[in-house]
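Student: Please take me slowly through one part of this structure, and then show me what lies elsewhere in it.

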Amino acid sequence: MSTESLLSVRIGASPPARLDKALARDVPEAAALSRTRLARLIAEGAVSSGGAVLGDPKAKVEEGQVIEIALGPPEVVETVAQSIALDVVYEDAALIVVNKPAGMVVHPAPGSPDGTLVNALLHHCGDSLSGIGGERRPGIVHRIDKETSGLLVVAKSDHAHHALAAQFEKHTAERAYLALCHGVPDGGDPRLKGVKGASFEAGGVLKLQTGLARHRTDRQRQAVTFEGGRHAVTRARVLERFGDAVALIECRLETGRTHQIRVHLAHAGHALVGDPVYGGRRKASPAVIGEGAAEAVNAFPRQALHAAVLGFAHPDDGRALRFEAPLPDDMTALLASLRG
């Protein structure tokens, strides 16, 4: 296990005026560096550019500037290993791919101190863990929300974590989600032509391209922005439609930001079925899809979103790996109600 690693960050377009804010925006999410951790690293003299230490969080930065962050040896965290069943899709010495159920939090946090995917991985993997982000823990390369089901790859070594994180950052990893949304994203809908950041590509694929940043008043939410924020691109195509009320869609991520699909679809006026945060009070009409189907849609208890496909190059030998996870039972039942 390496004792120290160096993370290089290139400052993107229209950077915030301050070093700390620019890093908070542009450090890859896979690096798992919180704002608090970044502030501490700046204070410790671990942040530099061109060989010069940047110790002032208010220092100005420029677009294209390369900033290096020296990460010390990982600390052992107190997260406990718990014997929790895992749906392991693939595993070798470098990584593990799991099919996470809806309702499971990925990483311990206030309000969810245990019972998480990380607790389960600590038990399953033992000492074979990555130390990325300053903590010795399973290498969470990317995350999906608590109430989203589906595929996740987790690194078991620092080398695997760096290599996988680079693929996600360069957008070479394949990620496809299945979702049920309100309404039908249709290129013929004149309303969508007026939605900023929305366009249609060949084959009727809806492309949503915006910035995403924390909501100004609700820090637990993300919001679409066109000034600053993290660049985010989602593509969605309709697989099946149920009148004009609900559609089964496939979403492909070019970038992977927090709540990206949920925020983008809500921005387009097609919030995900069951989404308690971005879905508002939207309901399906019994007059359009029938009473039973409408009841099932309106009672669905979580965002109807499933990470169905995950593909990447193996960090050790470069061979292509691709995995698929079938829809979970609750979404399968919902589709049966709509089709019935």
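Tutor: Let us begin with Ser48, which is buried, having a relative accessible area of 16%, where buried means under 20%, exposed over 50% and partly exposed in between, with a 1.4 Å probe and protein chains only. Keep in mind that this is a predicted model, in which local features need pLDDT of at least 70 and side-chain atom pairs count only at pLDDT 80 or more, while totals for chains, interfaces and linings use all residues. Residues are numbered from 1 along each chain as its sequence is written, and side-chain values use heavy atoms, leaving out hydrogens and water.

Ser48 belongs to strand E2, residues 47–49; strands here are DSSP runs (E) of at least two residues, helices (H or I) of at least four, and both are numbered from the N terminus. Beyond its neighbours within four places in sequence, Ser48 has contact, meaning heavy atoms within 4.5 Å, with Val53, Leu54, Val66, Ile67 and Glu68.

Elsewhere, Leu19, Asp20, Leu23 and Ala24 in H1 meet Arg35, Leu38 and Ile42 in H2. Counted by class, this contact of H1 with H2 has 5 nonpolar, no polar and 2 charged residues, with Asp, Glu, Lys and Arg as charged, Ala, Val, Leu, Ile, Met, Phe, Trp, Tyr, Cys and Pro as nonpolar, and the others, Gly among them, as polar.

Finally, a search of the whole structure finds 0 disulfides, a disulfide being a pair of cysteine sulfur atoms within 2.5 Å. Cys181 is in none, since the nearest cysteine sulfur, that of Cys251, is 7.6 Å away. Cys181 is buried at 0% relative accessible area, and Cys125 is also buried, at 13%.
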